[in-house]
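Please consult the sequence and the structure shown below while reading.

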Amino acid sequence: MALIYFINVTFHFLLMIKLLDIRFEMSFFNKVNFCLLHLIIFTLSTFSHLAVAEFSGAELKSTDFTVNINNHLFSLGDKWNDETQKQVGAQISENFVGDVPAGDTSYKYYQHKYDGFEIYTANLFWQKEQRDIDSYLIAQITINTPAIKTARGVGTGDSQDMLVSKYGQGTVDDSDNQHWLYYDADNKRMSFQLEHKKISHIMMAINTDE
């Protein structure tokens, strides 16, 4: 990358001098100042593109598992309490999913359905964290509407190319006749279902496998 950048800078510098010799009659110092100005602009432009490239496809961080709903931020692992439920908004339905096995134990999961998204809560890790067995956390968020974006600005309806530009190539999962790309970090997973090379569903969940 550094070699390519050096070659580009050298090429642009020589090209500008050549153009100045052909088109303008300037003093030596004016030519130098003119070239330096354009080199500064070119350098800033190059580094800005490199910075974007470095962010695109970068490894996931904890902030990637956060979404903005009703002007409130909700993250995987957040406590599920009365205040959180008010902030999310009007709930369409609530259903007990069941006891989901995780290693030598199991956890209770509930599905909370809203307009365009779903939140799954569970009493995850209550033993390890010495919490009450009936204390619940946000274990999964499923997004089905383009109105809610991920932390990197990706939503349903966006193209696979845009997804890859923001998150990288990811890992393919073609089980159950569905096509997904997923990304793992910090015992969490971000998954994107693709239909006709467009995102149809987004799911982020805490991984309880031990």
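S191 touches W180, L181, Y182, H201, I202 and M203, leaving aside residues up to four places away in sequence; contact here means heavy atoms within 4.5 Å. S191 lies in strand 10, where strands (E, at least two residues) are DSSP runs numbered from the N terminus. Because its relative accessibility is 5%, S191 counts as buried, the term for under 20% relative accessible area with a 1.4 Å probe and protein chains only. T171 is 20 residues from S191 in sequence, and their C-alpha atoms are 9.3 Å apart in space.

The model is predicted: local features need pLDDT of at least 70, side-chain atom pairs count only at pLDDT 80 or more, and totals for chains, interfaces and linings use all residues. Residues are numbered from 1 along each chain as its sequence is written, and side-chain values use heavy atoms, with hydrogens and water left out.

Strand 10 and strand 11 run antiparallel and are joined by 8 bridges; two strands pair if DSSP finds at least two bridges between them. E195 stands opposite K198 in strand 11. The hairpin of these two strands has 2 residues between them, and H196 takes a positive phi near 55° there. Strand 11 also pairs with strand 7, in the antiparallel sense, over 4 bridges. In strand 11, I202 is the residue opposite I143.

The pockets are considered next. A pocket is an open set of points on a 1 Å grid over the protein atoms alone, where a 1.4 Å probe fits, with protein on both sides within 12 Å along at least five of seven lines; lining residues have an atom within 4 Å of a point. Volume is the space filled by probe spheres set on the points, which are joined across faces, edges and corners.

| Largest | about 420 Å³ | Q140, R189, M203, A205 and I206 |

The largest pocket is lined by 18 residues. Two or more of its lining residues come from each of strand 4 (93-102), strand 7 (136-143), strand 9 (180-185), strand 10 (188-195) and strand 11 (198-206). The lining of the largest pocket comprises 11 nonpolar, 4 polar and 3 charged residues. Here Ala, Val, Leu, Ile, Met, Phe, Trp, Tyr, Cys and Pro count as nonpolar, Asp, Glu, Lys and Arg as charged, and the others, Gly among them, as polar.

Notes. Buried means under 20% relative accessible area, exposed over 50%, partly exposed in between (1.4 Å probe, protein chains only).
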